[in-house]
Amino acid sequence: MSNVLVFIEQRDGKVRKSSLEALTLGRNLSAKTGGALAAVVAGSGISGLAAELAGYGAAKVFVADKPELQLFSCEGYTAALDAAATAFKPSIVLASATVMGRDVAPRFAARRGVSVLSDVMTLDVAAGRLTGERPVYSGKARVLVTAAPSAEIQVATPRPNVFPASKADVAAAGEVVPLDLGTLRIRAKVVKVEAAQAGEIDVAEADKIVTGGRGIKGPESWSVLRALCHELGAALGASRAAVDAGWIGHEHQVGQTGKVVSPSLYIACGVSGAIQHLAGMGSSKVIVAINKDPEAPIFKVATYGIVGDLFQIVPAMTEAAKKLKA
Amino acid sequence: MNHIVCIAHVPDTETKIRIAAGGVSIDEADVKWIVSPYDEYALEEALKTKEAKGGTVTAITFGPARADTGLRECLARGADDAIRIASEGLGEVDSLGVARLLAGVIKTLPHDVVWMGNKGVGTDAQVLVPMLAELLDLPHVNLVTKLEWKDGGVLARREIEGAQEIVEMPLPGVIGATKGLNEPRYASLKGIMGAKKKTIAVKTPADAGVDPATVAGEAVHVRWTKLELPPARQAVKLIPADDPAKAATELLRLLRDEAKVL
Ligand SMILES: Cc1cc2nc3c(=O)[nH]c(=O)nc-3n(C[C@H](O)[C@H](O)[C@H](O)COP(=O)(O)OP(=O)(O)OC[C@H]3O[C@@H](n4cnc5c(N)ncnc54)[C@H](O)[C@@H]3O)c2cc1C
Ligand SMILES: Nc1ncnc2c1ncn2[C@@H]1O[C@H](COP(=O)(O)O)[C@@H](O)[C@H]1O
């Protein structure tokens, strides 16, 4: 029997989709072991979120609702997770491997004297022990990690966009348990959040991505790719070569020194497919390569490929996507 | 100001990966090792800050003797001192174990800023920055792309999903660097010559105040139980491109009907 506690990330009072994925995963793990499922959420003016979390199976929702938790601080949010863990005594703690989850989960784990099954793309429990897999060495190998019996609490951060989110057949009680965190010690804290351009989907969260590389020739060509993004509801990605040339901001970069993404569809246009790029997108479910060089390494990982000039193919895809929708 | 820079010595990303006998680690023969690219940003920022404000820069790693090459590179770029916590004989150590060993040594050194990379490339755990900060009882800010120095602290910019956060942090603290923060320098010839004359302090877990039994063997909470090459991808399905409109229509049809992603 493993009680499962899931750290829920909210921003501006909205639960992130990746947290619902983690909660669904937590529900499956707790069902498998016959344990209970709880969620913990921190912020300000967020008590109303419990109903939504109950819909995903949370029997209890621990809520740390304080003005000083309005904006993220790792120390403040970790205190909330820690207090919920003390009350609920989980043997499994999950947080989605988002920027926030990657801050909170390891700090919590260190406080409890355990390590983390980090960024896993599969997660299962057998005899109460978690095992999970993730790509390593730029996707050139895959490791299976296992929590040893000596770990009293097992902490894992599932990769966003990999595990499905689904509501429970029957909503759970979602009993709200307010957390009293006493006086918080918060040293590092967010003082300002600057949202990206309105309407832009972030590559790290996107289900579809259209990426441009050096082959797009210059920043004026983003409009060609953006038109396709618009039709597909995709985010715009970029190779490092395109970012380093100053054609677009680093937040678009996919790869080893950019974002690691796992969309269901990844369309690479004018990207050669260097190993450091593959490290960021190799786990995409379906990969489309559009490149005029038939020898480009991107074709080795692609599901579908068109050898040709992206300036002809991409606009044609935009048109075809329009027709498909019509 | 005293700067500590934690570096991981990792396989070059271009290196061919082979699985060693036993199936839980890589075959290290013919692997080229480098300082993890993110740690280069960390080192660069520490060196730049030292040059502007004075102080010392100490590079530290936990690893086997080959990691000395990585430390020499740091010395050649301008670090004043280098410390290696010897990993020999410990076997597998998980991230918490590494954090404990690093924390043990760092506690004995004056430190205003502990610099790290946001991930150790290769194993890509991305957990050590918050872990080490917690064990040192320090605040941290990770994924930093821009840094401003303020009285007694820093103002850091970092990228999150779909937004940028500005984080205020008092010092001492832990800073996790990422791409965008700076352009790492190359070592000068003079630096390389100078680094050859410096000694690397090699410490044991006991020097770090850590009983090996608490970081190795049974104490390892998260183990690598199997390492394998990824399954081969199916060969690409090429769509003839003579007529771009036809090719595009066919591709979208396949994405919808065959791959079912539209
Ligand atoms: C430590 C390290 C970290 C790195 N991290 C990253 C990372 O995070 N992300 C990343 O992407 N890279 C990263 N790189 C860089 C990587 O090695 C490559 O240099 C980079 O990915 C190349 O970008 P590219 O494919 O856009 O450019 P190129 O390799 O120049 O490829 C351009 C491609 O466009 C094709 N092309 C040109 N014109 C057209 C046309 N009209 N139509 C169709 N195709 C066309 C060409 O055939 C070619 O294949 C890293 C490198 C190192 C050393
Ligand atoms: N063996 C090590 N010795 C010293 N520092 C390390 C070591 N491994 C990782 N680090 C530091 O921790 C950061 C994050 O690594 P990781 O959490 O393993 O992805 C790296 O960028 C380094 O700064």
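Author: Start with one term. Two strands count as paired if DSSP finds at least two bridges between them. Keep in mind, too, that this model is predicted.

Now take strand 1 of chain A, residues 4-8. Is this strand enclosed or open to the outside? Five of its five residues are buried, so strand 1 of chain A is largely enclosed by the rest of the structure. Its side chains go two ways. A:Val4, A:Val6 and A:Ile8 point one way. A:Leu5 and A:Phe7 point the other way. Both groups are buried. Buried here means under 20% relative accessible area.

Next, the partners of strand 1. Strand 4 of chain A covers residues 37-43 and runs parallel to strand 1 of chain A. Five bridges join the two. One pair to find is A:Val6 and its bridge partner in strand 4 of chain A, A:Ala39. Strand 6 of chain A, residues 92-95, also pairs with strand 1 of chain A in the parallel sense. Here there are four bridges. A:Leu5 stands opposite A:Val93 of strand 6 of chain A. In general, strands of a sheet pair through backbone hydrogen bonds, either parallel or antiparallel.

Helix 4 of chain A spans residues 99-111, 13 residues in total. From first C-alpha to last it reaches 19 Å. That is close to the 18 Å expected at 1.5 Å a residue. How many of its residues are buried? The count is 11 of the 13, so helix 4 of chain A is largely enclosed by the rest of the structure. Among the buried residues are A:Val99, A:Met100, A:Asp103, A:Arg107 and A:Phe108. A:Gly113 follows the helix, and its phi is positive, near 70 degrees.

Look at one pairing. Strand 8 of chain A and strand 9 of chain A, residues 129-136, run antiparallel and are joined by five bridges. A:Asp124 stands opposite A:Thr131 in strand 9 of chain A.

Backbone angles come next. Most residues other than glycine have a negative phi, and most peptide bonds are trans. A:Ser138 has a positive phi of about 55 degrees although it is not a glycine. This residue is in the loop between strand 9 and strand 10 (141-147) of chain A. A:Ser138 is buried, at 6% relative accessible area. A:Lys217 also has a positive phi, near 75 degrees. Its loop lies between strand 14 (208-212) and helix 5 (222-232) of chain A. A:Lys217 is exposed, with a relative accessible area of 54%. In chain B, a cis peptide bond joins B:Leu171 and B:Pro172, with omega about 5 degrees. B:Pro172 sits in the loop between strand 9 (163-170) and strand 10 (173-177) of chain B.

Last, the ligands. Where does ligand 1 lie? Ligand 1 is between chains A and B. Around it are 27 residues, and those that come nearest include A:Arg214, A:Ser239 and A:Gln276. Some atom pairs can be named. A polar side-chain atom of A:Asn291 is 2.7 Å from a ligand 1 oxygen. A backbone N or O atom of A:Gln256 lies 3.0 Å from an oxygen atom of ligand 1. For A:Lys292, a backbone N or O atom lies 3.2 Å from a nitrogen atom of ligand 1.

Ligand 2 has 17 residues around it. B:Cys6, B:Asp39 and B:Gln126 are among the closest. A polar side-chain atom of B:Asp39 is 2.4 Å from an oxygen atom of ligand 2. The backbone takes part as well. A backbone N or O atom of B:Phe62 lies 2.8 Å from a nitrogen atom of ligand 2. A polar backbone atom of B:Gly117 is 3.0 Å from an oxygen atom of ligand 2.

Definitions and conventions. Residues are numbered from 1 along each chain as its sequence is written. Chains are lettered from A and ligands numbered from 1 in the order in which they are written. This is a predicted model: local features need pLDDT of at least 70, side-chain atom pairs count only at pLDDT 80 or more; totals for chains, interfaces and linings use all residues. Side-chain values use heavy atoms; hydrogens and water are left out. The expected span of a helix is 1.5 Å times one less than its number of residues. Buried means under 20% relative accessible area, exposed over 50%, partly exposed in between (1.4 Å probe, protein chains only). A residue is near a molecule or strand if one of its heavy atoms lies within 4 Å of it. A polar contact is a pair of N or O atoms within 3.5 Å; within protein, one must be able to donate a hydrogen and the other to accept it, and residues adjacent in sequence count only if both atoms are side-chain atoms.
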